[in-house]
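Take a walk through this model, one part at a time. Keep the sequence and the structure side by side.

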Amino acid sequence: MSSTTIEQARQRTGRMLGSEAIIRSLEAEGVEICWGIPGGAILPLYDAFMAIDHSIEHVLVRHEQGAGHMAQGYARATGNVGVCIATSGPGATNLVTPIADAFLDSTPLVAITGQVPTHLIGTDAFQEADITGIVMPIVKHSFLVQRAEDIPKAIHEAFHIASTGRPGPVLVDIPKDLQLTEIDFAYVEAVDLPGYSAEFPRQLDGVDAAAELIAQARKPVLYVGGGVINGEGSDDLILLAEALQVPVTTTLLAKGAFPDSHPLSVQMPGMHGSKYANWTIHRSDLLITVGARFDDRVTGKLDAFAPGAKIIHFDIDPAEISKNRTADVALIGELRTTLPALRDAVLARADNAERQEQQGDWLRDVQGWRRDNPFRYKKGEKLKPQYVIEAFGKALKGKDAIWVTGVGQHQMWAAQFLSIDGPRRWLTSGGLGTMGFGVPAAIGAQQGCPDAYVVNFDGDGCFQMTLQELATAVCYDVPVIHAVMNNGWLGMVRQWQELFHGERYSETNLFGTIPDFVKLADAYGCLALRAETEAEVDAVVAEAIAARRPTVIDFRIDHEEKVYPMVPSGAASHEMIDQAWDNDWIEEGV
Amino acid sequence: MATPGHHTLSVLVENRPGVLSRVSGLFSRRGFNIESLAVGPTERHDRSVITIRVDCTRHSVEQVVKQLDKLIDVIHVLEVLPDMAIERELLLVKVQADAAHRLEIMRMAEVFNARVVDAGAESLLLECVEHPDRLAALEELLSPYTIVEAVRTGRVAMTRASIANGESRPPLRIVG
């Protein structure tokens, strides 16, 4: 929405129902699109959507979880706040998973829920659920609006909280009777939140100490997390990395924050990260941590993670500093301020050229590990998922593509085999690991970026959790390509069972119960394709990309293919297992 | 100094519905155990103070302070250091007191600045406002007479006037 339109929306005043006030408030926040499903307690809002002139597109989804993930996909692809709407009770509880997902991955999300009328609250009324109570541990904040005249203020504060500082989900619960109460509407610019300030705590006095640690280090590495994307810090990160000439590892959430193709990149660390990223971290003597949080999927056994390294920690959230790993120097604040400050401090030092020279051997070692230990897979008789992912990567090279995934093996293969060079072009559920994220998140991302090519790499297990949203995709003509890596199993769980549970495949085999995805997608009105061999892959990929319509491709992949390398759960991060070319297990170490 | 591991937090919050459950919920979600909790209004009607006693490591208390600070309804968090603060708690205790022991108990109560607020044929009800450690000592001394019932409010605390220099709730800076 243009800034003049937003300005006009903010000037609006007048007598109106609470329901209209919700829409006017959303307009004043610049909302162009939202996702939801009507129901009893939110009916007045949906009535207002139809009864008044307004500028917001509402997308009718098939399940509220889809609305939440679409809003997330939109938010992460565009940087705007995502908005989803549901009725009370089951509508609201269906939003719980996306809200939790947004909380763990710090996604700006505003969820608006209808609530039973105020006089019925607490009586176990029809479709009553205490949604503010249910989501309390998984929201940045929540509001249960108690007076109709508070609606504009609550919505404005919700957007302010969701989008500033460390972003996150905010829920606004609005009882039905308040939606039907007349109020004097006026947009409130000021926020009345004494416990929350957009002037976030800043701690910049560590800049010189950080520059000193960098000067002393011989084996520094930049360890980059999703905060760089949320904080719009990619450009400053690249400048810092190039000034320092140190290797850069990007976590699953940070993929694209630093270009995968950059010579300093060692790509993803952690459980299914690259050997060279994990070795680099393990051997380093300084982790320059930027918007990352030492998650257990990155660190493995925490005590053994980067055992010889000092820690510089950049974050906007003071609570992340020294939460899992004690920081030697903390830089708290917006990355757009802190990253350039550190770069300036490093470049200003008289010993900078000397430092670079002393760290040169380290960089050459790291780049050698990268050259000698690429992600790899073995060709076989059956179709390999990695081949499919590479085929998409090649076909869309140079085009604006957004890559979305579900959760599991296909997610890790995509993270390993796609090269992504810009922020907001890789959307995946990291912290919560939400199977079913892919289909709706991809739809939301495409609606936010209509010109981009959006590909959802999904698994057959994930796909069946949210595939009803294909109907939404077809209704709104959202041309996402859903590339289903169909191996007939809950593949990642199967992999753990094969490796760590004596090949007891307890309840992971979906064979025989998987519907024919081509027929199913066809029934929804999608372009439906299938590939079972490598020879068929290029043709279906090309056809799907050219079609620009909702598309499902059923890739029948080798069900025994596993994700390697792998840090077994509880092991130190450099203790990776891999598959050797002769099929024996080998232990790789530094 | 307090016993190592015990920390008192004074949490200034907005006086809004649901605030107490946000604060207490954070403790349970992050795995911190609350030993005592007292909540009540302040000099301003729109603010309350929640005084929380926890038993945890220094690292944990720093983490819990930071997490509390992130709650939107929390205005600030002050760790109350015993040397710098006055801490008080109210005890109501009903103790068996027959004619033979009644005077003895009343004399003991006097030593602790406890008052007899009610009396029955077989028992006395005492009230005592003191430092929590003193209340524990009083309970200990009363226990041979059989305590029928005892209830405590949880501690509240305030920075000493001599230290605060007239400033209201000087915040404690937590360094990462």
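What percentage of the 176 residues in chain B do buried residues make up? They make up 30%. A residue is buried if 20 or more other C-beta atoms lie within 10 Å of its own, exposed if 12 or fewer, and partly exposed in between, with C-beta atoms placed from the backbone. This is a predicted model: local features need pLDDT of at least 70, side-chain atom pairs count only at pLDDT 80 or more, and totals for chains, interfaces and linings use all residues. Residues are numbered from 1 along each chain as its sequence is written, while chains are lettered from A and ligands numbered from 1 in the order in which they are written.

Stay with chain B. Its secondary structure comes to five helices and nine strands. Helices (H or I, at least four residues) and strands (E, at least two) are DSSP runs, numbered from the N terminus. Along the sequence, chain B reads β-α-β-β-α-β-β-α-β-β-α-β-β-α. The C-alpha atoms of chain B fill a box of roughly 60 × 35 × 35 Å, taken along the principal axes. Consider the contacts in chain B with a separation of 6 or more: residues 24 or more positions apart account for 71% of them. Two residues are in contact if their C-beta atoms, placed from the backbone, lie within 7 Å.

Now turn to where the chains meet. The contact takes 16 residues from chain B and 16 residues from chain A. On the side of chain B that touches chain A, α1 (19-29), α2 (58-70) and β4 (74-80) of chain B each supply at least two residues. That side divides into four nonpolar, six polar and six charged residues. Here Ala, Val, Leu, Ile, Met, Phe, Trp, Tyr, Cys and Pro count as nonpolar, Asp, Glu, Lys and Arg as charged, and the others, Gly among them, as polar.

Next, helix packing in chain A. Start with helix α15 (residues 335-347) of chain A. How far apart are its end C-alpha atoms? They are 18 Å apart, which agrees with the 18 Å that its 13 residues should span at 1.5 Å a residue. The expected span is 1.5 Å times one less than the number of residues. Buried residues in α15(A) include Leu335(A), Thr338(A), Leu339(A) and Arg343(A). Ala341(A), Leu342(A) and Val346(A) are buried too, and these three also take part in the contact with α10(A).

The axes of helix α10 (residues 207-216) of chain A and α15(A) come within 9 Å and cross at roughly 55°. Axes are lines fitted to C-alpha atoms, for helices over the stretch in contact, and angles run from 0 to 180 degrees between N-to-C directions. α10(A) and α15(A) are therefore oblique to each other. Angles under 35 degrees count as roughly parallel, over 145 as roughly antiparallel, 65 to 115 as roughly perpendicular and the rest as oblique. The crossing of α10(A) and α15(A) is right-handed. A crossing is right-handed if the near helix is turned clockwise from the far one by less than a right angle, and left-handed if anticlockwise. From α10(A), Val207(A), Asp208(A), Ala210(A), Ala211(A) and Ile214(A) meet residues of α15(A). The contact of α10(A) with α15(A) has eight nonpolar, no polar and one charged.

A second pair is helix α17 (residues 385-395) and helix α24 (residues 534-547) of chain A, which pack at an angle of about 40° with their axes 10 Å apart. This crossing of α17(A) and α24(A) is right-handed. Tyr387(A) and Phe392(A) are among the residues of α17(A) that meet α24(A), where Val537(A) and Ile545(A) are among the partners. By class, the contact of α17(A) with α24(A) has nine nonpolar, no polar and two charged residues.

Finish with the backbone. Most residues other than glycine have a negative phi, and most peptide bonds are trans. Arg424(A), not a glycine, has a positive phi of about 65°. Arg424(A) is buried, with 22 other C-beta atoms within 10 Å. Phi of Asn113(B) is near 60°, also a positive value. Asn113(B) is exposed, with 12 other C-beta atoms within 10 Å. A cis peptide bond joins Tyr564(A) and Pro565(A), with omega about 0°. Pro565(A) lies in the loop between β20 (551-556) and β21 (576-579) of chain A.
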